[in-house]
Amino acid sequence: MALKTPKEKHDHETLKFPEGFLWGSATSAHQVEGNNINSDWWEWEQKRPPRFRSGDACDQYNKYEEDFDLVKQLNHNSHRLSIEWSRIEPKEGEFNQEAIDHYKKVLESLKDKNLTVMLTLWHFTLPKWVSDKGGWENGKTVKYFEGFVKKIVPEIEEYVDFWVTLNEPGVYIYETYIKREWPNSKKSFLGQTKTFLNLASAHKKVYKFLHSWPYNHGSSNKPVGIANNMLSFEPFHRHSIKEQFSVVLNDTFSNHLFYIFTKGTHDFLGINYYFHVRFSNPEFMTTGIDPNQSHDVSDLGWEIYPEGLFEVLTDMADGIPIYITECGIASTNDDRRNRFLISYLQEVARAIKVGVKIKGFFYWSLIDNFEWHRGFDPRFGLIEVDYQTQKRTIRPSALVYTDIIQNNGIPHSLLRFIGHTVGAEEVLEKRQKELLK
Ligand code: BGC
């Protein structure tokens, strides 16, 4: 049963979104399902301390029905999720029918609830056998991925409304070759380049396939895209040529390069937005927040900077529909999540107002989950998970989101919430202490 929020009377100032807007949240298989034992991540995690192992995760492999009931109860009209290649093809060329049937049931359950389904085909994890052969560095992985896609698509196409071929190719490369915090990490410019080119080629091939497959159900024109991590860059010293150059360079590499290499194969732009980077020193690849400012941050120290979302959206706008495929905050302070939601959505509304064709928003994430190499501490969920008991508890911020969804816009009463920056006091206090040292 859907939750009832009181009808906003005399509230003529709701910041409305376009009709048919998709409201939902996102997850990925490895982060929520648990026990993906045939993946490269699983193998790598076993060498790490227990709290950095995915283990049962949220046990969504078994609890999907309960989770989707919550999706419905929260009044979302869509949902983004991924399927796990390593479950479907645990050994080269050997497909696991049980896993395929499982995903059919999962997707059918979403459709039964009348939800629009956005499905990601690859969200960071690889079957172990693929990674043993070199992963995305190996040109043959493009073929392996195509093989997997060709097998699974005919089985599930009737339940899918949007295809996301790849999630954040840039982040994968950054974490594997630059930060080197993920499985199979190494320093290799050649490996990094090959991975980039193979991911681009995989996207293009799968895009073509998804548009040529003779679908039994619906049209063959279900939109296909990627979910790309987009950062908002800014020079700290407006007139510093060095910093401006850093902005152009980083913007090109992080935000545009993949699209340049895969031009003409995107029916929509999927934008994941988390980061604002201000170049406060002359290094080219600085990240994080500028120590001289008092912006609020998430539990991961990521700056809360809603304006950056507006900048990214207006920068990317070129007439193709845009879906915000991920945007969220890791916070145990739910009031902070409330303000996050309201202020970021306000920027989305502002971008729509200036003509950007934004068609949907997927909050990251539906439930707390396994945040990759950072383990379970970061809490991104609209729904809290108790990992001891697997009990789900709806957070109050989830209801603020529901309120927005039910109004198809941000009621004026909610806009009043964001009058000041939460946490500014703490940051100021910290700065004062530093100054007194
Ligand atoms: C990824 C998610 C991740 C989220 C928060 C995105 O880069 O797609 O898998 O959990 O960011 O870090």
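Of the 437 residues of the protein chain, 57% count as buried. The model is predicted.

**Exercise 1. Find the number of cavities of 30 Å³ or more and describe the largest cavity.**

Solution. Step 1: rolling a probe the size of a water molecule over the atoms shows where empty space is left. Step 2: the count comes to four cavities of 30 Å³ or more. Step 3: the volume of the largest cavity is about 90 Å³. Step 4: 14 residues line the largest cavity, and the closest to its centre are Glu-33, Gln-60, Leu-81, Tyr-103 and Val-106. Step 5: the elements that give two or more residues to this lining are helix H1 (29-32), helix H3 (60-73), strand E3 (78-82) and helix H5 (97-112). H3 gives the most, with four residues. Step 6: sorted by class, the lining has eight nonpolar, five polar and one charged residues.

**Exercise 2. Describe the second largest cavity and sort the residues of its lining by class.**

Solution. Step 1: the second largest cavity has a volume of about 60 Å³. Step 2: its lining includes Tyr-273, Tyr-274, Trp-302, Glu-303, Phe-340 and Tyr-344. Step 3: strand E7 (269-279) and helix H12 (334-353) are the elements that give two or more residues to this lining. Step 4: the residues divide into nine nonpolar, two polar and one charged.

**Exercise 3. Compare the span of H5 with the expected value, then describe its buried residues and its ends.**

Solution. Step 1: H5 has 16 residues. From its first C-alpha to its last it reaches 22 Å, close to the 22 Å expected at 1.5 Å a residue. Step 2: the buried residues of H5 are Ala-99, Ile-100, His-102, Tyr-103, Val-106, Leu-107, Ser-109 and Leu-110. Among them, Tyr-103 and Val-106 also belong to the residues closest to the centre of the largest cavity. Step 3: what covers the buried residues includes H1, H3, E3, helix H4 (85-88), strand E4 (116-122) and helix H7 (140-156). Step 4: at the N-terminal end, Asn-96 caps H5, with a side-chain oxygen 2.9 Å from the backbone nitrogen of Glu-98. Step 5: just after H5, Asn-114 takes a positive phi of about 65°.

How values were computed:
Residues are numbered from 1 along each chain as its sequence is written. This is a predicted model: local features need pLDDT of at least 70, side-chain atom pairs count only at pLDDT 80 or more; totals for chains, interfaces and linings use all residues. Side-chain values use heavy atoms; hydrogens and water are left out. On a 1 Å grid over the protein atoms alone, a cavity is a set of points where a 1.4 Å probe fits but cannot get out, and a pocket is an open set with protein on both sides within 12 Å along at least five of seven lines; lining residues have an atom within 4 Å of a point. Grid points are joined across faces, edges and corners, and a volume is the space filled by probe spheres set on the points. Ala, Val, Leu, Ile, Met, Phe, Trp, Tyr, Cys and Pro count as nonpolar, Asp, Glu, Lys and Arg as charged, and the others, Gly among them, as polar. The expected span of a helix is 1.5 Å times one less than its number of residues. Buried means under 20% relative accessible area, exposed over 50%, partly exposed in between (1.4 Å probe, protein chains only). Contact means heavy atoms within 4.5 Å. A polar contact is a pair of N or O atoms within 3.5 Å; within protein, one must be able to donate a hydrogen and the other to accept it, and residues adjacent in sequence count only if both atoms are side-chain atoms.
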